[in-house]
Amino acid sequence: MCKFRSLFIIVGALIVWGTAHAVVLSLNSPTLDFNAVSLGGPSDPAQDEGSEGKGLDIVGGYGGLMGFYAAYESGTTSTTGELFFRVRFGGSKKSTFDSFVNVGLDLDTDGTLDYFIQYAGKNPNRIQILDAGGTSPNTASIGSVLSTGESVSLWNGNGSPSASNNAFYTPVGTGITDVTFNASDPNLLSGATATDIDGNGDNDYFLTFSIDFSYLVSVVRDDAANLDASAGDFTLFDDSFAFGMLVATSQNKNNVNGDFAGIDGTATTGDEPFVNPDGSQGGGLSTPYKPDEAVFIPESSNYALIFGLFTLGFKACRRRRR
Ligand SMILES: [Ca+2]
Ligand SMILES: [Ca+2]
Ligand SMILES: [Ca+2]
Ligand SMILES: [Ca+2]
């Protein structure tokens, strides 16, 4: 009898369940169904939003709860899925979110931003895709609109989201099952609770939004000549391509002037994408995310390694039993 067979089966089952179980995602899906986005640093320090106000302060990295999550719901083809994002804020200025969340994308993984997926909570009230301007990482700015995407259609939290809803703004603890709060985390801030991880006395808020992946496919394929071909043939871009992400908030649609997740925004040079408080570049960008497998690349290779060990072990057990 193989002593390890049961162990291999259990570990293998957990890996398969944890990384590849089919989940039908929606705006109110549990945060566990999302991928926490590691931004190469804290994600994100509390009260580093400068004058932007608490409603734009991305908070995460306390009690095991993060500030930025992504997820992907596969479609019937490799170009027709749905990209989801969830951002946690330290509070809310009002019951609606009338500012901007900008998800920066590095498609060719060369360390420079190529596009922004922008949630515009006021005029033009759309989830759209914009060019990333600037010629170097630390001058990245928001460029022209490349795809007007789709109109914001907020779900009100009653019943279930309809197919046309693409956004949900809710106090943490209401309508969404969050990841379990670790009250013994040594990094906890004074007064922090599961629904107020920055301990500022204001209930934290989640903004969850989604966009049809097909809009990004159109933009990238049309713009393939401007991307680094050594990273792939972008005329064939689909959900098997991996790309880096970052997230920043702003009060208007043309500037990235709010809080940058993964970077302490109160540092002198920390108010620009990619720029760390010590002035070095590269801060706040995730490792490449592969939508069709819903994994970040380093996790993907670990998965392959562990799964390979599991398969080998299982085969070894079977052979011995014969
Ligand atoms: Ca923050
Ligand atoms: Ca709070
Ligand atoms: Ca790039
Ligand atoms: Ca920040």
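**Why do we call it that? A visit to a predicted model**

Guide: Let's start with a pair of residues: Ala36 stands opposite Tyr69 in strand S2. Keep in mind that this is a predicted model.

Visitor: What makes strand S1 and S2 a pair?

Guide: Two strands pair if there are at least two bridges between them. Strand S1, residues 35–36, is joined to S2 by two bridges, so the pair meets the cut-off. The two strands run antiparallel.

Visitor: And how do you know that S2 and S3 pair?

Guide: Six bridges join S2 to S3, and at least two are needed, so these strands pair as well. They too run antiparallel. Here Tyr72 stands opposite Leu83 in S3.

Visitor: Why is strand S2 called largely enclosed by the rest of the structure?

Guide: Count its buried residues: S2 spans residues 68–73, and because five of those six are buried, the strand is largely enclosed by the rest of the structure.

Visitor: Which residues have the most contacts inside the largest nonpolar core?

Guide: They are Phe68, Ala70, Tyr115, Leu207 and Val247, in a core of 77 residues. Setting aside neighbours within four places in sequence, Phe68 is in contact with residues including Val37, Leu39, Ile58, Val87 and Val247. As a general point, nonpolar side chains tend to be buried together in soluble globular proteins.

Visitor: Why does Gly244 count as buried?

Guide: A residue is buried if 20 or more other C-beta atoms lie within 10 Å of its own. Gly244 has 26 such neighbours, so it counts as buried. You'll find Gly244 in strand S10, residues 244–250.

Visitor: What is Gly244 in contact with, leaving aside its neighbours within four places in sequence?

Guide: Its contacts are Asp106, Thr109, Leu285, Ser286, Thr287 and Pro288. Ile297 is 53 residues from Gly244 along the chain, and their C-alpha atoms are separated by 9.9 Å.

Visitor: Which residues are buried in helix H2?

Guide: In H2, residues 213–222, the buried ones are Phe213, Leu216, Val217, Val219 and Val220. In an α-helix there are 3.6 residues a turn, so residues three or four places apart point the same way. What covers the buried residues of H2 includes strands S3, S5, S6, S7 and S9.

Visitor: How many helices and strands are there in the protein?

Guide: There are three helices and 14 strands. Of the 322 residues, 43% count as buried. Among contacts with a separation of 6 or more, 62% come from residues 24 or more positions apart.

Note on methods: Residues numbered from 1 in each chain as written. Chains lettered and ligands numbered in written order. Predicted model: local features only at pLDDT ≥ 70, side-chain atom pairs only at ≥ 80, totals over all residues. Buried ≥ 20, exposed ≤ 12 C-beta atoms within 10 Å, placed from the backbone. Helix = DSSP H or I, 4+ residues; strand = E, 2+ residues; numbered from the N terminus. Contact = placed C-beta atoms within 7 Å. Core = buried A, V, L, I, M, F, W, Y, C linked by C-beta atoms within 7 Å.
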